[in-house]
Amino acid sequence: MLPKIGPHLFNGFDDYLDFFQRRGLYPTAKDCSYCNVPMYMSTRNRSDGLVWRCHRCRRTIAMRTGTFLAGQKIAMDDWLNLVYYWATETSVKHAIVHTGLKPKVVIQQYRFLRDICSQKLLQTPTLLGGPGVVVQIDESCFSHSRKNGRGRAPEREMWVFGLVDTTTKPARGYLQFVEDRSAATLLPIIEDKTRPGTIIHSDMWAAYRQVVAIPGIAEHRTVNHSRHFVNPIDGTHTQNVESYWNKAKSKLKAMKGVKREWLSEYLDEFMWREEFGKDLLVGFENIIDHIAEIYPQA
Ligand SMILES: [Zn+2]
């Protein structure tokens, strides 16, 4: 059975245009800046050659001018199909097969959508914990393991720092690529991402010794991972944060690892999907809304 949302429900060019305008991706009206009168929409051809035309001076403005698709050649239907494939977690490889588009076009559009994820997360910064709420923290190495020791130079380690709110279900968390695991790097992230009154649970990594000195942190408890998974005295553990990034890692592993310079944007995509795209079709709706928010049209 086909899902209730998606480009397969569209019936030709007018449907796509209607969708783009209704969802705020394209403008619905434009005034001629020379004559100050409303322009009308006309098509140069039946692909996406849409223009606004002034009935007085005959000047035209391309429909895509000032939109997120300005200067791009991809057709509306191809683009919307790609968004749908991205939202439903279709790999680049499969999206190329299904759409017949060039690999570089698919890669470029997928990167654009990841950039939307990053921008949306910047607009709505994550804040975890609160009075009496436990937030677990931990660092993890994301470098991909080598199949054998030969043939490749050893890779620089890629560390990711993570925080997860233990009261949220599904878990709300935050992951950040860090250059190192020092207190100077990690403590400001904890301060930035937690609400006052938060209780921190962690392992005994040396950088965490000053956690309790962070303004707003109420308490810090630890578990000694060289001895236990769970602290036998007070039950402290970090299993929520570990399972949060195991999910992130398995997604990156499915892509055969990620280059260092791309890790941050993939982490953003992961966090966006956890928050806005768990239900894949809701994710499709949300990413369209977020593009419209970030590239507002008159
Ligand atoms: Zn005019």
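Okay, hi everyone. Before anything else, keep in mind that what you're looking at is a predicted model. The protein chain has 8 helices and 8 strands. If you box in its C-alpha atoms along the principal axes, you get roughly 80 × 50 × 40 Å. There are 298 residues in the chain, and 32% of them are buried. And if you take the contacts with a separation of 6 or more, 55% of them join residues 24 or more positions apart.

Let's go to the helix pairs. When two helices pack, we describe them by the angle between their axes and the distance between those axes.

Start with α3, residues 92–99, and α4, residues 103–123. Their axes come within 9 Å and cross at roughly 125°. That angle is why we call α3 and α4 oblique to each other. The crossing is right-handed, by the way. Which residues of α3 and α4 meet there? On the α3 side you have Val92, Ala95, Ile96 and Thr99, and on the α4 side Pro103, Val106, Ile107 and Tyr110. Sort the residues of that contact by type and you get 7 nonpolar, 1 polar and no charged.

Now jump to another pair, α2 at residues 76–87 and α8 at residues 280–294. Here the axes are 8 Å apart and the packing angle is about 130°. So α2 is oblique to α8. This crossing is right-handed. From α2, the residues involved are Val83, Tyr84 and Ala87, and they meet Leu280, Gly283, Phe284, Ile287 and Ile288 of α8. The tally for this contact is 7 nonpolar, 1 polar and no charged.

The last pair takes us back to α4, which also packs with α7, residues 263–276. The axes of α4 and α7 are 8 Å apart, at an angle of about 70°. With that angle, α4 and α7 are therefore roughly perpendicular. From α4, the contact uses Arg114, Cys117, Ser118, Lys120 and Leu121. Facing them from α7 are Glu265, Asp268, Glu269, Met271 and Trp272.

A quick reminder here: an α-helix has 3.6 residues a turn, so residues three or four places apart point the same way.

Right, on to the loops. Phe142 lies in the loop between β4 and β5. Is Phe142 buried or exposed? Phe142 counts as buried, because it has 22 C-beta neighbours inside 10 Å, and the cut-off for buried is 20 or more. Leaving out neighbours within four places in sequence, Phe142 is in contact with Met158, Val160, Lys249, Leu252 and Leu263.

Asn36, in the loop between α1 (13–22) and β1 (40–43), is not a glycine, yet has a positive phi of about 55°. Asn36 counts as exposed, because it has 9 C-beta neighbours inside 10 Å. Then there's Arg58, between β2 (50–53) and β3 (60–62). Arg58 isn't a glycine either, and its phi is positive at about 70°. Arg58 is exposed too, with 8 other C-beta atoms within 10 Å.

One more and I'm done. Arg209 is in the loop between β7 and β8, the latter being 217–222. Arg209 has 13 C-beta neighbours inside 10 Å, so it counts as partly exposed. From Arg209 to His220 is 11 residues in sequence and 9.0 Å in space, C-alpha to C-alpha.

That's the tour, thanks.

Definitions and conventions:
Residues are numbered from 1 along each chain as its sequence is written. This is a predicted model: local features need pLDDT of at least 70, side-chain atom pairs count only at pLDDT 80 or more; totals for chains, interfaces and linings use all residues. Helices (H or I, at least four residues) and strands (E, at least two) are DSSP runs, numbered from the N terminus. A residue is buried if 20 or more other C-beta atoms lie within 10 Å of its own, exposed if 12 or fewer, and partly exposed in between; C-beta atoms are placed from the backbone. Two residues are in contact if their C-beta atoms, placed from the backbone, lie within 7 Å. Axes are lines fitted to C-alpha atoms, for helices over the stretch in contact, and angles run from 0 to 180 degrees between N-to-C directions. Angles under 35 degrees count as roughly parallel, over 145 as roughly antiparallel, 65 to 115 as roughly perpendicular and the rest as oblique. A crossing is left-handed if the near helix is turned anticlockwise from the far one by less than a right angle, and right-handed if clockwise. Ala, Val, Leu, Ile, Met, Phe, Trp, Tyr, Cys and Pro count as nonpolar, Asp, Glu, Lys and Arg as charged, and the others, Gly among them, as polar.
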